[in-house]
Amino acid sequence: LEDEVVGEAATALFSDAQAMLNKLIDEKLIRARAVFGFWPANQVQDDDLEVYGDNGEKLATLHHLRQQIIKPDAKPNLSLADFVAPEDSGIADYVGGFICTAGIGAEELAKAYQDKGDDYNSIMVKALADRLAEACAEWLHQQVRKQYWGYAKDEQLSNDELIREQYKGIR
């Protein structure tokens, strides 16, 4: 915002975004929803995960790719499956997942602005809904770590630590 070249435009954009955000909240123009779950799971065939139901029945096989970059010093190309105990280990392990949105109502609102010839606010609504969805995902991830799964109850991370994904997982 202080940049000599783009600071004035950035400040105006920030102000417009704050005004739209307040409008979205105050008038309840868009909504967020989120859900998460944990399932028993095991690694199978190196890159895959088998996910099980409450009675131990196989619900699904999740296929994961390995990282596709050539790494120096023979470092391994990891797969998400590497972080779940192999089936033959005898270790009970789990996989979690969540889905969230902050865009319920955003498409209709953006279209209403566009229909009025207001492309700027149409784009602003879409951009804010996208950022709010990201914030919702971060919030839900924190809730899982601190409350629902509870393995990091005392976690106190700064914004920088969160951006650098310094939170701890469990195994």
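Reader: Where does Glu165 lie?
Author: Glu165 is in the segment after helix 4 (159–163). Helices here are DSSP runs of H or I with at least four residues, strands are E runs of at least two, and both are numbered from the N terminus. Keep in mind that this is a predicted model, where local features need pLDDT of at least 70, side-chain atom pairs count only at pLDDT 80 or more, and totals for chains, interfaces and linings use all residues. Residues are numbered from 1 along each chain as its sequence is written, and side-chain values use heavy atoms, with hydrogens and water left out.

Reader: What's the phi of Glu165?
Author: Positive, about 50°, although Glu165 is not a glycine. Glu165 counts as exposed, at 54% relative accessibility. The cut-offs are under 20% relative accessible area for buried, over 50% for exposed and partly exposed in between, with a 1.4 Å probe and protein chains only.

Reader: Which loop is Ala74 in?
Author: The loop between strand 3 (58–63) and strand 4 (93–104). Ala74 has a positive phi too, near 55°, and is a residue other than glycine. At 75% relative accessibility, Ala74 is exposed.

Reader: OK, switching to rings. Which residues form the aromatic cluster?
Author: Phe36, Phe38, Tyr94, Tyr148 and Trp149 make up one cluster. Rings of Phe, Tyr and Trp (its six-membered ring) pair if their centres lie within 6.5 Å; planes under 30 degrees apart are stacked, over 60 edge-to-face, and the rest tilted.

Reader: And how many aromatic pairs does that rule give?
Author: Four aromatic pairs. In one of them, the centres of Phe36 and Phe38 are 5.6 Å apart and the planes are at 65°, so that pair is edge-to-face. Phe36 is partly exposed at 28%, and Phe38 is partly exposed at 30%.

Reader: What about Phe36 and Tyr148, what sort of pair is that?
Author: Tilted, with 4.8 Å centre to centre and 50° between the planes. That pair links distant parts of the chain, with Phe36 in strand 1 (residues 31–44) and Tyr148 in helix 3, 112 residues apart. Tyr148 is partly exposed, with a relative accessible area of 47%.

Reader: What does Ala34 touch?
Author: Leaving out residues up to four places away in sequence, Ala34 touches Ile99, Cys100, Cys136 and Leu140. Contact here means heavy atoms within 4.5 Å. Ala34 is in strand 1 and is partly exposed at 41% relative accessibility.

Reader: Last topic: at what angle do helix 1 and helix 3 cross?
Author: Roughly 75°, with the axes of helix 1 (residues 7–26) and helix 3 (residues 119–148) coming within 10 Å. Axes are lines fitted to C-alpha atoms, for helices over the stretch in contact, and angles run from 0 to 180 degrees between N-to-C directions. Helix 1 is therefore roughly perpendicular to helix 3; that label covers 65 to 115 degrees, while under 35 is roughly parallel, over 145 roughly antiparallel and the rest oblique.

Reader: Which residues make that contact?
Author: Helix 1 brings Leu13, Asp16, Ala17, Met20, Leu21 and Leu24, and helix 3 brings Tyr120, Asn121, Met124, Val125, Leu128 and Leu132.
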